[in-house]
Amino acid sequence: MNPLAKDAKSQGRLIAEPELLSAVLAHPLHPLPLLVSSGATSSRCAGDGLWTLDLRQRFRKFRYRETSSLVTIGTGLTMAEVLEGLSPYQRALPIGLSGLPGSGFLLTGGMGPLSRVHGLAMDHIQRIQGVWGNGEPFNLHRDDITTDARIASCWRGLLGAAPFLGVVTELDLETDPVVPLAVLQQRISVEALPNWIRSSERWPNSASFQWSWGDHLEAYAVEALADGGPSAVLRSVAGNAPERCVDQLSLPGFGRLTSDQHPAPFHCEVLGRLGEHWGDQAEAVVACLREPMMRRPHSACRISAQQLGGATGAVSAASTSFIHRDAVWKPWITAAWAPGDLVGRERALDWMNHVSEVLMALNPGVHLAQLHDHLPSHGQELKDAFGSWLPSLQQLKTELDPDQRLCRL
Ligand SMILES: Cc1cc2nc3c(=O)[nH]c(=O)nc-3n(C[C@H](O)[C@H](O)[C@H](O)COP(=O)(O)OP(=O)(O)OC[C@H]3O[C@@H](n4cnc5c(N)ncnc54)[C@H](O)[C@@H]3O)c2cc1C
């Protein structure tokens with residue numbers, strides 16, 4: 001569980017049977033908002049004085065249908081559990097850099113090393129079932145969005161902004177074939193980073209570049225080997241020969257080379273931004289990040305990034321709440337402090353906001369994979385995440401969650 005959420009003085013966890021969920025949401029529970037926990041990896045799956053609806057025990061359905069290659073999952077499963085369930089059929093979904101996250105990853109538009117070739121996991125959703133914040137159940141199919149404007153609007157809201165509107169309990173997802181992967185993970189110098197960024201922007205969609213900057217800078221490149229043959233992209237990149245992995249769960253841990261020390265326990269908040277190609281500006285951006293990196297308030301503070309593009313841009317910006325379809329980079333900032341160090345927390349959050357401002361010119365969007373309704377930056381993050389779609393989303397919220405039982409929008 002996320003350490004900050006774990007240490008929160010929560011009112012308690014609600015573990016409801018699926019048939020009682022409507023009653024739980026319709027109940028005049030206080031205080032609000034009701035928090036929701038799926039994989040429980042974000043800081044906001046539990047909070048001081050608030051109730052958490054925990055999906056992990058009662059929402060664990062898994063059914064794969066070979067005829068359609070569709071999988072039905074309960075939203076209490078982690079991405080690792082979904083991939084393990086699909087593995088006997090040699091099928092998969094494009095998960096993120098870890099199997100730990102739960103359905104929050106799917107619903108908030110989470111991306112990973114295979115997103116450039118297979119798209120966002122969210123784009124694989126064919127059916128979505130759950131309960132709106134007002135207690136009314138819903139069960140929407142992708143096929144229905146072309147014939148019904150109201151369903152289309154709800155569908156768009158749920159894909160990328162579900163945590164504001166309802167609790168999703170079950171999903172049908174299209175799956176992809178499992179392909180072997182090549183991975184290159186190595187420390188690089190800060191001077192070398194802009195070149196890696198510029199080169200990777202020319203890579204075919206089968207390859208993606210991720211980096212993480214802490215005490216050291218780690219380069220992490222992954223290539224999908226569609227025909228099972230040798231690496232075409234990464235073998236031409238300077239450095240060590242790429243390692244071969246049978247699937248996403250076998251990839252080495254991202255970020256493990258960023259420090260020589262095993263980190264002491266820490267609390268953190270994470271903010272992800274979204275932007276287009278960095279191209280010739282890569283040098284300037286990296287140069288601007290040097291100064292905040294030299295005055296990190298805690299050794300676990302980091303700046304990282306992952307690459308999108310390709311298939312993630314092939315979906316219309318107006319069809320989901322993930323509107324930044326032209327994004328090529330998601331740089332994200334980890335603001336860390338020692339548990340209980342309130343001054344350290346303020347310093348880390350100030351640092352996060354400063355880095356966010358540095359990145360903003362080239363990366364104006366926000367990826368709302370972590371909710372920050374407890375932080376002053378929430379309002380601006382909503383604007384940067386949803387842009388001109390925000391007023392319509394807020395209108396949906398007034399209809400579907402009029403008492404603001406779930407996270408405020
Ligand atoms: C180790 C690690 C690696 C990660 N790697 C990546 C990555 O590569 N790419 C990427 O994009 N992100 C990545 N993330 C971020 C992660 O995907 C998001 O923070 C995601 O929202 C976490 O989902 P969760 O279910 O695990 O967390 P939770 O804390 O349980 O939920 C996160 C949010 O989603 C809401 N939510 C969860 N389930 C539901 C539901 N069923 N219905 C309605 N609302 C719900 C909750 O209200 C909560 O606010 C990573 C996170 C971690 C910890």
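**Sheets, helices and ligand shell**

Guide: Strand S4 (residues 62–65) pairs with strand S5 (residues 70–74) in the antiparallel sense over four bridges, where strands are DSSP runs of E of at least two residues and helices are runs of H or I of at least four, both numbered from the N terminus, and two strands pair if DSSP finds at least two bridges between them. This is a predicted model, in which local features need pLDDT of at least 70 and side-chain atom pairs count only at pLDDT 80 or more, while totals for chains, interfaces and linings use all residues. Residues are numbered from 1 along each chain as its sequence is written.

Visitor: Which residue in the turn of the hairpin of S4 and S5 has a positive phi?

Guide: Across the two strands, Tyr64 has Val71 in S5 as its bridge partner. The hairpin leaves four residues between S4 and S5, and the one with a positive phi, of about 60 degrees, is Ser69.

Visitor: In S9, what is the bridge partner of Thr72?

Guide: S5 is also joined to strand S9 (residues 166–174), and these two run antiparallel with five bridges. Within S9, the partner of Thr72 is Asp172.

Visitor: What is the strand order of the open sheet of five strands, and which strands stand at its edges?

Guide: The order is S4-S5-S9-S7-S8, with antiparallel pairing. Neighbouring strands of this sheet are turned by 15 degrees against each other on average, direction ignored, with axes being lines fitted to C-alpha atoms (for helices over the stretch in contact) and angles running from 0 to 180 degrees between N-to-C directions. Strand S7 (residues 125–132) is joined to S8 by five antiparallel bridges, and Ile128 stands opposite Leu140 in S8. Because each has a single partner strand, one side is left without a neighbour in the sheet for the two edge strands, S4 and S8 (137–141).

Visitor: In the open sheet of eight strands, how many degrees does the twist average from one strand to the next?

Guide: The eight strands follow the order S14-S11-S13-S12-S16-S17-S15-S18, and the pairing is antiparallel. Strands S14 (243–245) and S18 (365–367) stand at the edges, each with a single partner strand, so one side of each lacks a neighbour in the sheet. From one strand to the next, the twist averages 25 degrees.

Visitor: Are helices H8 and H9 roughly parallel or antiparallel to each other?

Guide: Helix H8 (residues 282–294) packs with helix H9 (residues 342–360) at an angle of about 170 degrees, with the axes 10 Å apart. In the contact, Cys288, Leu289 and Pro292 of H8 meet Trp351, His354, Val355 and Val358 of H9, contact meaning C-beta atoms, placed from the backbone, that lie within 7 Å. Angles under 35 degrees count as roughly parallel, over 145 as roughly antiparallel, 65 to 115 as roughly perpendicular and the rest as oblique. H8 and H9 are therefore roughly antiparallel.

Visitor: Which element gives the most to the shell around the ligand?

Guide: The ligand is surrounded by 34 residues, the closest being Ser38, Gly39, Gly96, Gly102 and Gly104, where a residue is near if its C-beta atom, placed from the backbone, lies within 6 Å. The elements that give two or more residues to this shell are strand S2 (35–37), helix H4 (103–107), helix H6 (149–165) and S9. With four residues, the element that gives the most is H4.

Note on methods. Contact = placed C-beta atoms within 7 Å.
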